Each structure stands twice: as structure tokens, then as C-alpha cells.
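Colleague: I would like a close look at a single part of this model, taken slowly and with its surroundings described as well. Please begin from the question I put below.

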Amino acid sequence: MSQIAFIGLGHMGGPMALNLIKAGYKVSVFDLVAESLARARDAGATVAASATQAVQGCDIVISMLPASQHVEGLYLGDDGLLQHIASGALVIDCSTIAPQSAIKVSQAAREKGLRMVDAPVSGGTAGAEAGTLTFIVGGDAADLDQARPLLECMGKNIFHAGDAGAGQVAKICNNMLLGVLMAGTAEALALGAANGLDPHVLSDIISKSSGRNWATELYNPWPGVMDHAPASKDYAGGFGVDLMLKDLGLAAEAAMAVKAATPLGEMARNLYAMHSGNGHGKLDFSSILKLYNQP
Ligand code: NAD
């Protein structure tokens, strides 16, 4: 059975690593946050003193970090992790980062005799905990075949989007649409409420009408409409405003690279930038409702 190193135990990486441990894998972990390491240790992980120590003796390395600079910082450079991973090992980066960044790290890995796939996820923290994530993979089909049993411990749907970086392109397209849909849903609910409708009733109506979408069905931005949604927990947990802003920035960069027009994506990026600038960067992204529905 594979020996796994898991780097990055945040909102997503923490529960993902736990699902591998539950499936019986030996997992050595590293994060910069002591509490996250303690939780993983309690669940049966081997806690390493550094990322370099975590990868010793491992044939699979999984990372789940915030953004491109963290992934490049971890793997590249004279003392980067690629210098320390055993030859022939498979690296699976699940972070959402720029496609160009994923390609750069993947090429560097190949030059060191390693294999790498980009495998960003969709499904949020609930999907990470339940092991029902969607993995969107870029890289060689043979490498995905090797990764598949592990991904199946953490997710339900696994897609091969294409070559290195393609997983990131598909993920960015999905999240640009999600940002637009969430802002549009918040706008519609605020409009209805301002005109005297009960947001619960309006949400029920939209959920069974042509405006329905993932936000109205599973992740309603209005507090109290869905007990399990971050909106009903003061927008705590979930998928942060600043992470959504990062993904909309990645979409804008990807659009610039090929001169594509993404006017709705750009509008959404500006809305989330204003919202973050108002001091809400750490709240769940459904809190974009606050832009429309000021108390
Ligand atoms: P997070 O900020 O909660 O976790 C990131 C973790 O990485 C932190 O614990 C941090 O300490 C750790 N870290 C950073 N640099 C490190 C380093 N050099 N070595 C070791 N650990 C390091 O973020 P998250 O919500 O878990 O998101 C992770 C990635 O998944 C992001 O790219 C995000 O866009 C993507 N994502 C998040 C969600 C979500 O709902 N939160 C959903 C889908 C995809």
C-alpha cells in the first residue's frame, strides 16, 4: 500500500487527509498551523517537523495549499520539495492555482524524474468531510490511473480534463460561473425582500423555477433559509471570499492570455473585491449578500 505525504491541512486538506487515514493509508502530514497538525495526529497521522521530512519514504505526495505562490514556493527552488521526493513518486496537487503555474511545477517535476497531476476539487468543505468531492484532473492518463484509488477515498466524481494544467482551466471556468451565480442569487433575493417578499418563500419559488441553481438548491446566501449553509452560521467556514476573489482573478488572467471576453466574470470579480475591501475577506463567499442587503 502506498505511503502518502499530505501537505496543507486547512479547511479542505484536513478532512481529505482524514479520509485517507480512515481508508487505511499511512499518511505523514505537514502544515504551518500547530492545531491542524494536532488534529491530524489524533486521527492517526504521522506528524512531520517539515514538508521535507513528511515526504521521506513516500511514493505519493498530495498538497492542498491556498494559491500559486504557495505551491511554487513549496515545490520549486534549490531546496524545494522536488529535490527531496523519491524518484518515480507521483505528486498530486489539489490546490486551485493558475494553469501556467501547474504546468511549470509539473515540468520541473518531470525533469526530476517525478510524475505530477493537477487535481483541483469542487464540492466545498462539506464534500471534503463526506468524501464526495469532484476531482478535475490534468496530466497523463496513466498517472491519473495510479492516483484514482486515492482520489476515490476522498471524492465521488473524477474527471480527466486533459494535459497538465487542464484540471486548473476547468476548475477556474466552474468557479467563475459559481461566483456569477452566487452574486446573481444574492441580488435576486435582495430585490425580492426589498419589495416585501419573504426570502424563504422566494427561495422555494426559484428552486422550482427556471432561475434555480446550486446556490438556491444547496447553499442559499440568505441567513436562516438553509440551516446547514454558512449563511445560517454567520457566514463562518465554507469557501472564503478571498479564495473566490483569487479564483475570479485566475479566470481574468486566463481570459487575458487568449483575449477571451468574460464580462460577467469581471463584474463578479469586482463585486467580490469590493466585498473583501469592506473587511469580509474571511467570510464564506455567500456573504456577498451583504453588498446588496445592508442592515
Ligand atoms: P486554507 O487556507 O484553509 O488551507 C490552506 C492550508 O495550507 C493552511 O492550513 C496553511 O497553513 C497551509 N499552508 C500554506 N503554506 C504551506 C506550506 N508551505 N507548507 C505547509 N502548509 C502550508 O484553504 P482551503 O480552504 O483548505 O483551500 C485550499 C485550496 O483548495 C485553495 O486553493 C482553494 O481555492 C481550494 N478550494 C477550497 C474550497 C473550500 O470550500 N474551502 C473548495 C474547493 C477548492
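Colleague: Which atom of Pro66 lies 2.8 Å from an oxygen atom of the ligand, a backbone or a side-chain one?

Modeller: This is a predicted model, and in it the atom of Pro66 that lies 2.8 Å from an oxygen atom of the ligand is a backbone N or O atom. Pro66 belongs to a group of 23 residues around the ligand, of which His11, Met12, Asp31, Pro66 and Lys246 come nearest.

The crossing of α8 past α12 is left-handed. In this contact Met176, Gly179, Val180, Met182 and Ala183 of α8 meet Leu264, Gly265, Ala268, Leu271 and Tyr272 of α12, a set that divides into eight nonpolar, two polar and no charged residues.

Helix α8 also packs with α9 (residues 199–207), at an angle of about 130° and with the axes 9 Å apart, so these two helices are oblique to each other, and their crossing is right-handed. Here Ala188, Leu189, Gly192 and Ala193 of α8 make the contact with Pro199, Leu202, Ser203 and Ile206 of α9, and by class the contact has six nonpolar, two polar and no charged residues.

Note on methods
Residues numbered from 1 in each chain as written. Predicted model: local features only at pLDDT ≥ 70, side-chain atom pairs only at ≥ 80, totals over all residues. Heavy atoms only, no water. Left-handed = near helix turned anticlockwise from the far one by under 90°. Helix = DSSP H or I, 4+ residues; strand = E, 2+ residues; numbered from the N terminus. Contact = heavy atoms within 4.5 Å. Nonpolar A, V, L, I, M, F, W, Y, C, P; charged D, E, K, R; others polar. Near = heavy atom within 4 Å. Polar contact = N/O pair within 3.5 Å; in protein donor to acceptor, adjacent residues only side chain to side chain. Axes fitted to C-alpha atoms, helices over the stretch in contact; angles between N-to-C directions. Parallel < 35°, antiparallel > 145°, perpendicular 65-115°, else oblique.
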